[in-house]
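Subject: A structure for you to look at

Hi there,

Here is the structure I promised to pass on. Please open it first, and then read my notes alongside it.

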Amino acid sequence: MNKVLELTKIFLKTSFSSMNAKMGVSTKFRGKFVLYGLLFVYFAGLIIFLSYNLLEGLIAINQEAIFIAMVLFMIFGFAIFQSIFSSINILYFTKDTEYILPLPLKPYQIILARTIVMLIAEYALIFLVGLIPLTTYGILTGVGIAFYIKMILAVILIPILPVLLINIIVMIIMSFAKLTKNRNRFQLIASLLVLVIIIALSVSMNGIKGDVSNEEMAQMIVQANGMLEMVKGYFPTVDFLINALTTNLVNVAIFEFLKTILITIVAFAVYMLIAQKIYFKGLVGNLFGGGYRKSNKEIKQKEFSNSKLYKSYIGKEFKCLYRNPVFLMQCLLPAILIPIVIVAITYTSLNSKETMGELTQMLGQMQVNTFTVACIILGIIQFFTMFIYISITAISRDGENAVFIKYIPVSLYKQYMYKIAPNIIMNVITTLISLGLAKYILNLPIITLILLLIVSTIMGILQSILMIIIDLKRPKLNWDSEYAVAKQNFNLIFPMILSMINIIILVGMVILLKDINIYVGLLILGLLFTIITIVVNKYMKKNQYELAQKII
Amino acid sequence: MIEIKNISKSYVKNKKSIDNLSLEVKNGEIFGFLGPNGAGKTTTIRMITGILNIDEGDILIDGKSIKKDPIEAKKNFGFVPDNPDMFLKLKGIEYLTFMADVYDVPQNKRREKIEELTKKFEIYNELNNEIQSYSHGMRQKIVICGALLSEPKNWILDEPMTGLDPKSSFDLKEMMREHAKSGKTVFFSTHILEVAEKLCDRVGIINKGKLVFVGTFDEMKQKFKEEASLEKLFLEITEK
């Protein structure tokens with residue numbers, strides 16, 4: 001067990017080395033600490049605000065217990081979503097595996113240490129999205145100390161099963177690595193397959209319950225906490241924990257916890273058994289499968305053909321992004337997947353004609369084509385696009401070879417623009433998906449949608465320019481695993497901060513221009529962001545050489 | 001032609017990594033840049049290629065200043081860095097056509113040039129594979145091909161022989177000789193003294209940021225009035 005702990009410590013240290021390495025420099029550390037603190041306060045405040053409002057409404061109709069179910073499902077969802085991206089990377093694409101494998105360690109020790117590292121990483125976010133709303137619930141409903149103990153225990157237990165489940169799915173798919181000659185393509189396909197399977201699972205889970213008829217719904221709403229029954233039945237341990245947290249009886253709570261702990265222990269044992277059998281097969285196939293090279297004498301004429309530099313450069317950027325599984329999953333896909341998952345879930349939820357009809361009827365009575373609604377949509381798009389990590393890693397992704405941009409005869413400014421082009425394109429795609437959803441639910445006029453696309457694209461260009469400036473000023477060029485750039489990189493906090501600022505600007509505009517005509521309002525917004533973008537772009541162009549000083 | 005005029009560079013205040021270095025590499029010359037680890041070879045090459053800013057002095061590549069007219073100066077050289085692990089996710093052919101686009105290699109010439117270079121280095125059959133699947137030596141070869149594709153007048157190569165098999169190393173040396181014979185310039189850094197002795201018209205030895213010797217090997221022997229091996233002379237110069 002000591003070895004497992006030692007190994008866990010090493011994995012954790014290498015994972016967070018970027019943060020530890022600079023801790024000696026007190027001002028930098030203080031800066032980061034303040035930044036993290038501010039972000040924490042912002043998100044915690046936001047969560048408390050939302051929880052408070054939601055709970056007030058639920059308490060009024062005697063349905064407050066459903067809030068617990070919602071939070072527990074949210075934790076479960078977060079755990080799944082986080083593991084999709086971290087599992088394959090932590091288990092298979094970290095380079096330290098090459099140094100760990102020759103050490104005299106037993107397979108179970110490595111698997112256990114890797115799993116603990118994944119769980120610790122999960123808890124960081126889950127404590128934020130789990131404990132804060134549940135504490136708000138506790139304060140508002142005036143529950144006793146026992147609730148808080150149960151709450152902590154539940155938040156610790158929930159993420160374990162999803163992590164194990166996703167790890168097993170990943171391991172099964174990756175165990176086919178040794179069967180394939182083309183390791184790179186396999187890694188790519190495997191990564192996508194994991195995503196598809198998990199999204200399909202989460203969407204189908206959403207549809208399991210089927211439709212609840214209006215009569216049943218009415219009956220459930222009338223009953224105290226009747227709505228709770230509607231959300232149960234998706235995942236056994238979540239149900240047990242909902243029961244444990246909503247009951248006032250100690251013995252019931254203990255029994256529900258015991259069931260959950262027992263299932264978790266059994267699942268862990270099964271997981272360790274399966275993992276020991278299949279993990280290393282896939283890992284070795286993945287590590288030492290060797291580069292696949294096919295001998296091909298004839299190269300087609302078109303492959304020699306020249307193209308305009310911008311096409312060639314942007315094409316190169318895209319190829320380097322999507323052919324690398326880590327960059328694909330961390331930088332490119334989240335921006336598309338998050339809206340798609342939401343679209344899929346919304347679609348399955350609203351699939352029943354009855355529900356859709358009611359929703360349309362309800363929205364029909366509301367005035368949706370307003371400046372406030374437009375700003376809300378832009379705010380949601382901002383939330384989605386903050387997961388596009390292309391521009392913020394544009395320089396760092398090239399690692400030590402980032403110097404390439406400095407010795408070729410192309411102006412640095414042009415190269416910066418080529419490097420951010422994929423970010424802008426992905427931003428447009430995310431916006432289109434989101435607007436498609438907005439059209440489906442709100443049936444907004446086409447002119448509004450076009451204006452929203454324009455404003456969102458301008459915001460996307462601004463985001464892209466600002467992010468590459470940050471990456472140029474604080475590049476992370478000495479890395480030995482892509483994961484260090486695309487995940488364990490402090491700079492990734494900046495897209496989040498920018499989205500936060502943009503959302504604040506949007507809220508400010510809503511307050512200032514509350515009753516303004518939607519088109520005039522959107523034009524003002526577009527103009528505002530265009531001016532900011534021009535200023536920032538001028539700064540980048542003027543300082544193109546100074547900005548590249550850290551690339552050596 | 002490469003003219004280095006009184007350049008200096010400091011990474012830390014009051015400590016010059018390169019101290020007032022002047023050098024001229026003439027047309028038709030192969031120039032070897034030697035020095036122990038940490039002497040300032042890579043820093044100098046990085047200043048010549050525009051990767052590092054020059055604190056004092058200037059560098060001209062065929063008369064174009066890397067400081068004042070960087071884009072034009074960069075068009076006049078092909079550079080092979082010491083680390084060939086670049087654009088690993090691109091196929092060999094994709095990397096070369098990208099480099100051809102960057103250096104404006106005309107359509108009618110690029111196929112011929114790519115075939116000529118890659119066949120010489122025996123990597124033509126691998127061009128449809130990702131660079132990631134190449135061995136270290138093959139990566140070195142593809143980077144060299146990329147740098148020479150536009151037929152630059154000045155070649156600047158940082159440790160170009162590292163990782164090359166004997167045949168490729170021989171071929172590269174031959175290419176360097178041919179290039180110099182046609183009146184163009186080759187500037188390269190190396191640790192292998194024998195290569196420098198056999199290949200270079202002149203060498204420059206840098207130590208602790210200062211150029212301690214420039215000239216031919218005969219001049220070196222005359223200066224030190226010794227018939228000792230190059231290795232001994234090198235050690236004597238750099239340990240002074």
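Before the rest, a word on conventions. This is a predicted model, where local features need pLDDT of at least 70 and side-chain atom pairs count only at pLDDT 80 or more, while totals for chains, interfaces and linings use all residues. Residues are numbered from 1 along each chain as its sequence is written, and chains are lettered from A and ligands numbered from 1 in the order in which they are written. Helices (H or I, at least four residues) and strands (E, at least two) are DSSP runs, numbered from the N terminus.

Helix α3 of chain B

This helix covers residues 92–102 of chain B, and 11 of its 11 residues are buried, so it is largely enclosed by the rest of the structure. Buried here means that 20 or more other C-beta atoms, placed from the backbone, lie within 10 Å of the residue's own. Among the buried residues are Tyr95(B), Phe98(B) and Met99(B), as well as Glu94(B) and Asp101(B). They pack against α4 (107–120) and α5 (136–148) of chain B, and also against α14 of chain A.

Where the chains meet

A helix pair in chain A

Helices α17 (residues 371–385) and α20 (residues 446–473) of chain A pack at an angle of about 40°, with their axes 11 Å apart. Axes are lines fitted to C-alpha atoms, for helices over the stretch in contact, and angles run from 0 to 180 degrees between N-to-C directions. The contact of α17(A) with α20(A) includes Ile377(A) and Ile381(A) on one side, with Leu452(A) and Met459(A) on the other. It has 7 nonpolar, 6 polar and no charged residues.

Strands in chain B

Strands pair if DSSP finds at least two bridges between them. β1 (residues 2–12) and β2 (residues 15–25) of chain B pair in the antiparallel sense over 7 bridges. Their hairpin has 2 residues between the strands, and Asn14(B) takes a positive phi near 65°. β1(B) is also joined by 5 bridges to β4 (residues 56–61) of chain B, again antiparallel. Glu3(B) stands opposite Glu24(B) in β2(B) and opposite Leu60(B) in β4(B).

Chain B also has an open sheet of 6 strands with mixed pairing, in the order β6-β7-β8-β3-β9-β10. Its edge strands, β6 (77–80) and β10 (210–215), each pair on one side only. Within the sheet, β3 (residues 30–34) and β8 (residues 185–189) of chain B pair in the parallel sense over 4 bridges, and Phe31(B) stands opposite Phe187(B) in β8(B).

Happy exploring!

How values were computed
Two residues are in contact if their C-beta atoms, placed from the backbone, lie within 7 Å. Ala, Val, Leu, Ile, Met, Phe, Trp, Tyr, Cys and Pro count as nonpolar, Asp, Glu, Lys and Arg as charged, and the others, Gly among them, as polar. A residue is buried if 20 or more other C-beta atoms lie within 10 Å of its own, exposed if 12 or fewer, and partly exposed in between; C-beta atoms are placed from the backbone.
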